[in-house]
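Open the model in your viewer and keep the selection panel at hand. Each stop below says what to select and what is there.

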Amino acid sequence: QVQLVESGGGLVQPGGSLRLSCAASGRIRSINTMGWYRQAPGNQRELVAVSGDNTNYADSVKGRFTISRDNAKNTVYLQMNSLKPEDTAVYYCNAVILAYSSGWYVAYWGQGTQVTVSS
């Protein structure tokens with residue numbers, strides 16, 4: 001069974017920083033992409049950043065957020081700086097993983113972590 005466990009969310013003032021972490025565990029053979037999505041109330045889930053062969057960011061976070069990976073630990077991070085109230089959302093980790101129990105890559109999701117930017 002593959003699981004993604006996120007941590008690092010919380011309440012921060014505008015202009016502040018947070019670092020999210022997401023660790024994949026289980027019988028993992030290979031990980032393709034790892035990334036972060038977010039969903040604000042009343043909105044659809046949207047891509048924030050993804051790391052694979054290339055790294056891509058949503059226009060709204062470019063220059064403020066940085067995604068990084070520790071492949072030895074099957075972990076992806078999201079460093080969020082200069083946070084704005086509009087960054088408030090539940091942040092979800094996503095990873096495309098080939099498990100030993102599967103013959104193909106499957107997309108897995110974390111449980112989500114709340115990020116609130118407010119004074």
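Select strand 1 (3–7) and strand 3 (18–25). The two pair in the antiparallel sense over five bridges. A strand here is a DSSP run of E with at least two residues, numbered from the N terminus. Two strands count as paired if DSSP finds at least two bridges between them. This is a predicted model, in which local features need pLDDT of at least 70 and side-chain atom pairs count only at pLDDT 80 or more, while totals for chains, interfaces and linings use all residues. Residues are numbered from 1 along each chain as its sequence is written, and side-chain values use heavy atoms, with hydrogens and water left out.

Show two of the bridges. Ser7 has Ser21 in strand 3 as its bridge partner. Leu4 has Ala24 in strand 3.

**The open sheet**

Strand 3 and strand 8 pair in the antiparallel sense over six bridges. Look for Leu18, which stands opposite Met80 in strand 8. You now have an open sheet of four strands in the order 1-3-8-7, with antiparallel pairing. Which strands stand at the edges? Strand 1 and strand 7 do; each has a single partner strand, so one side of each is left without a neighbour in the sheet. From one strand to the next, the twist averages 15 degrees. The axes behind that angle are lines fitted to C-alpha atoms, and angles run from 0 to 180 degrees between N-to-C directions.

Strands in a sheet pair through backbone hydrogen bonds, parallel or antiparallel.

Next, go to the loops. Select Asn74, in the loop between strand 7 and strand 8. Asn74 has a positive phi of about 50 degrees, although it is not a glycine. Its relative accessible area is 24%, so Asn74 is partly exposed. (Buried means under 20%, exposed over 50%, partly exposed in between, with a 1.4 Å probe and protein chains only.) Then select Ser82, in the loop between strand 8 and strand 9. Ser82 also has a positive phi of about 50 degrees and is not a glycine. Ser82 is partly exposed, at 41%.

**Around strand 4**

Nine bridges join them, and they run antiparallel. Strand 4 and strand 5 pair in the antiparallel sense over five bridges. Centre on Trp36. Its bridge partner in strand 9 is Cys93. In strand 5, the partner of Trp36 is Ala49. The hairpin of strand 4 and strand 5 has six residues between the strands, and there Gly42 takes a positive phi near 80 degrees.

Leu47 is partly exposed, with a relative accessible area of 32%. What does Leu47 touch, not counting residues up to four places away in sequence? Trp36, Tyr37 and Ala58. (Contact means heavy atoms within 4.5 Å.) Try the distance tool on the C-alpha atoms of Leu47 and Asn94: they are separated by 9.8 Å and lie 47 residues apart along the chain.

**The core**

Select Trp36, Leu78, Met80, Tyr91 and Ile97. Of the 31 residues in the largest nonpolar core, these touch the most other members. Strand 9 gives the most, with six residues.

**Rings**

A search of the whole structure finds one aromatic pair. (Rings of Phe, Tyr and Trp, the last by its six-membered ring, pair if their centres lie within 6.5 Å; planes under 30 degrees apart count as stacked, over 60 as edge-to-face and the rest as tilted.) Select Tyr37 and Trp109: the pair is edge-to-face, 5.0 Å centre to centre, with 65 degrees between the planes. Tyr37 lies in strand 4 and Trp109 in strand 10 (residues 106–109), so the pair ties together parts that are 72 residues apart in sequence. Tyr37 is partly exposed at 23%, and Trp109 is partly exposed at 38%.

Last, two arginines. Arg19 lies over the face of Tyr77, at 4.1 Å from the ring centre. The charged end of Arg45 sits over the ring of Tyr92, 3.7 Å from its centre. (A charge sits over a ring if NZ of Lys or CZ of Arg is within 6 Å of the ring centre and within 35 degrees of the ring normal.)

Methods:
A nonpolar core is a set of buried Ala, Val, Leu, Ile, Met, Phe, Trp, Tyr and Cys residues joined through side-chain atoms within 4.5 Å.
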